[in-house]
Amino acid sequence: MTAIEPLEQAADRLVGRRTEIEAIGVLIDRVASGRGGAFLLIEGEPGIGKTALLHRAVGMAAGAGMRILLGAATEAERSTPGAAVNSCVAQGDPGGGVPGHQPGSTAAFSDLLGRWCADGPVAVLMDDIHWADAASLSVLRWLSVAVDTMPLLVVVTMRPYPLGPGLPRLLSEFDAVGARRMSLGPLADAEVARLVERSLGAPPEPQLHELIAGAAGNPLYLNDLLDGPAPAAPEAGLPDALSARIARRLEFLPESARHILEAAAALAPRVDPVKLAGILGVSLIDVWHEIRTAVEARVLVYDGDELVFRHDLIRRVLADQVSPSIRATLRRHVEVAGRHLMRIAEPAADPGAPTRNPSTAALDRVAELIEGTVAAATAESLVASLPTPSDPTTVLLFRGLADGDVDLVAAAVSEFERSERPRFAALAGENLAEMLVRNGRTAEARAALDAAATRYETLGAGPETARVRARLRELGVRRGVRGTRRRPETGWEALTATERKVAVQVAQGCSNAEIAEKMFLSRRTVQTHVSNILGKLGLRSRVQVAVAYAQRG
Ligand SMILES: Nc1ncnc2c1ncn2[C@@H]1O[C@H](COP(=O)(O)OP(=O)(O)OP(=O)(O)O)[C@@H](O)[C@H]1O
Ligand SMILES: [Mg+2]
């Protein structure tokens, strides 16, 4: 049994995890006493203690007299067929290994297990199956079913992100066959305190308190902190070696996600995707995609409705990756935006001026303010920094207006309604109607205006109701006099004003990136416009757009 002793020693030093160890004990008892098999999946963020717990399970299973196969999938061998299964080594057995089975061969593996199980209970433990190759995943699939008929305990561990191909499907198959799942959360405060004291041999110095809290109950980050030299003072920043080590660990995140997270970390403890999209000049959808990745990887978590970094330590490391000058620029963007917005919010100087929908007026005002001054900023990026709770939906509205995107504006109307802000819903509804009219969707426009008028009426907002009713009458008149102004569905006339501008630039040979920059649109929006243009013109390529444009004269 020599091979498992070092593992047992390490696992014996575990702090906490009592519930988990008890649950594993129950499964081991069940299998060792011939009352059936079990399959257990242990999940948790990097460093939370999956391997340590797995090794504890090895010691427990050995103690209960089970034969043991222990292996691990590795990133380097994620595409080597059968690598994870082949890594399995018999523990405490001088013969070692899994003799004679083909790489990744389910048949050979099952044959060996069949022979072993005929003699007594067996445990198969595999670490890090998020990296398992396809052939090994097939073996795991077989194991998850085999536990029903053999005295077999299977314990596997997995990070929640990134999941290789085939794993999401396998996980639902595990669920379908009744595999147990165990999710490892952070260590409790008292357990953290115990770990710290054990490591330092004394209570921590005050300057360490904040950093320890920043590790958020993750034993690996705690070890990182406690192993190295302590920072001189809390404001002195993290020691370089520690910062570099943690940054390296974050390399599993895609670069695009890290880039967004660095900016988020530099700006504030709270992460606001809408604000980030505005400040970085990236589309909200793109930011949201990266944020979702970070949530899957549990770098970000929800605190109520708010997104925050799960570990302040990680936030600090990410923020450190942003150079001080860029950090200052980011902060300045937020301040500039805030100042502009305060001016926009000021009441109109001329009380006799005709009432306009304030969101359209504000958008014009923002455009005026930024013209020639903050070249890289867009109207939306300024509005994106609106520091009020209505922020996300307001920005959705402005973004929709700026991009000429009916769906975004409609989404803003619904969102205002859902969050019970009828005045904003009515305002946004007016904007939606304007856009629908411009797109020739008169019937929908009238429905949107009707809804806006009803909301204003309910609020007792006289002037606004009158404004909307007038607009409705105008729409009715237009319909009567000029018939429906429906835009044709194909040909140049079918293009919206924005699409036409984009089409001209495509014809001039500009790339999507160049168009995006010139028109202050996101690349994705330009891409959507280009697909719409090709569809409406019945063309397949940008070159064809250029030819068609030239022929049109
Ligand atoms: N409960 C615990 N008490 C004390 N130390 C622990 C505990 N859990 C883990 N550790 C220590 O924390 C470090 C990280 O743990 P471990 O390697 O098990 O994490 P992991 O979840 O397997 O991470 P990864 O996803 O990177 O594989 C190790 O040094 C381990 O010994
Ligand atoms: Mg591990």
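Guide: A residue counts as near a molecule if one of its heavy atoms lies within 4 Å of it. Keep in mind that this is a predicted model.

Visitor: Which residues come nearest to ligand 1?

Guide: There are 19 residues around ligand 1, and those that come nearest are Val15, Gly47, Lys50, Thr51 and Arg159. By kind, the shell holds nine nonpolar, four polar and six charged residues.

Visitor: Which domains does the shell around ligand 1 draw on?

Guide: Domain 1 (2–183) and domain 2 (189–237) each supply at least three residues.

Visitor: How do I read a polar contact with the ligand?

Guide: Look for a pair of N or O atoms within 3.5 Å. Here an oxygen atom of ligand 1 is 2.7 Å from a polar backbone atom of Gly47. At Gly49 a polar backbone atom is 2.9 Å from an oxygen atom of the ligand. With Thr51 the side chain takes part: one of its N or O atoms is 2.7 Å from a ligand oxygen.

Visitor: How much of the accessible area of ligand 1 does the protein cover?

Guide: On its own, ligand 1 has 630 Å² of accessible area, and the protein covers 78% of that. Two or more residues of the shell come from α3 (50–63), and likewise from α10 (219–227).

Visitor: Next, the strands. How do they hold to one another?

Guide: Strands of a sheet pair through backbone hydrogen bonds, in either a parallel or an antiparallel sense. In this model, β2 (residues 67–72) and β4 (residues 122–127) are a parallel pair with six bridges. Within that pair, Leu69 has Val124 of β4 as its bridge partner. Strand β2 is also joined to β3 (residues 89–91), here by three bridges and in the antiparallel sense. Leu70 stands opposite Val89 in β3.

Visitor: What is the order of the strands in the open sheet of three?

Guide: The order is β7-β9-β8, and the pairing is antiparallel. Strands β7 (270–271) and β8 (300–303) each have a single partner strand and stand at the edges, so one side of each has no neighbour in the sheet. Two bridges join β7 to β9 (residues 306–309), and Val271 has Leu307 in β9 as its bridge partner.

Visitor: How many salt bridges are there?

Guide: Count a side-chain nitrogen of Lys or Arg within 4 Å of a carboxyl oxygen of Asp or Glu. By this rule there are 17 salt bridges. One of them joins Arg181 to Glu43, whose closest N and O atoms are 3.5 Å apart.

Visitor: Why does the pair of Arg181 and Glu43 tie together parts that are apart in sequence?

Guide: Arg181 belongs to strand β6 (residues 180–183) and Glu43 to strand β1 (residues 38–43), so the pair ties together parts 138 residues apart in sequence.

Visitor: What should I look for in the backbone itself?

Guide: Check the angles. The peptide bond from Tyr161 to Pro162 is cis, with omega near -5°. Pro162 sits in the loop between β5 (152–158) and α7 (167–176). Another case is Arg17, a residue other than glycine with a positive phi, near 60°. Arg17 is in the loop between α1 (5–12) and α2 (18–32).

Note on methods
Residues numbered from 1 in each chain as written. Chains lettered and ligands numbered in written order. Predicted model: local features only at pLDDT ≥ 70, side-chain atom pairs only at ≥ 80, totals over all residues. Heavy atoms only, no water. Polar contact = N/O pair within 3.5 Å; in protein donor to acceptor, adjacent residues only side chain to side chain. Areas by Shrake-Rupley, 256 points an atom, 1.4 Å probe, with all protein chains shown as cover. Helix = DSSP H or I, 4+ residues; strand = E, 2+ residues; numbered from the N terminus. Nonpolar A, V, L, I, M, F, W, Y, C, P; charged D, E, K, R; others polar. Domains from an automatic or database assignment. Pairing = 2+ DSSP bridges.
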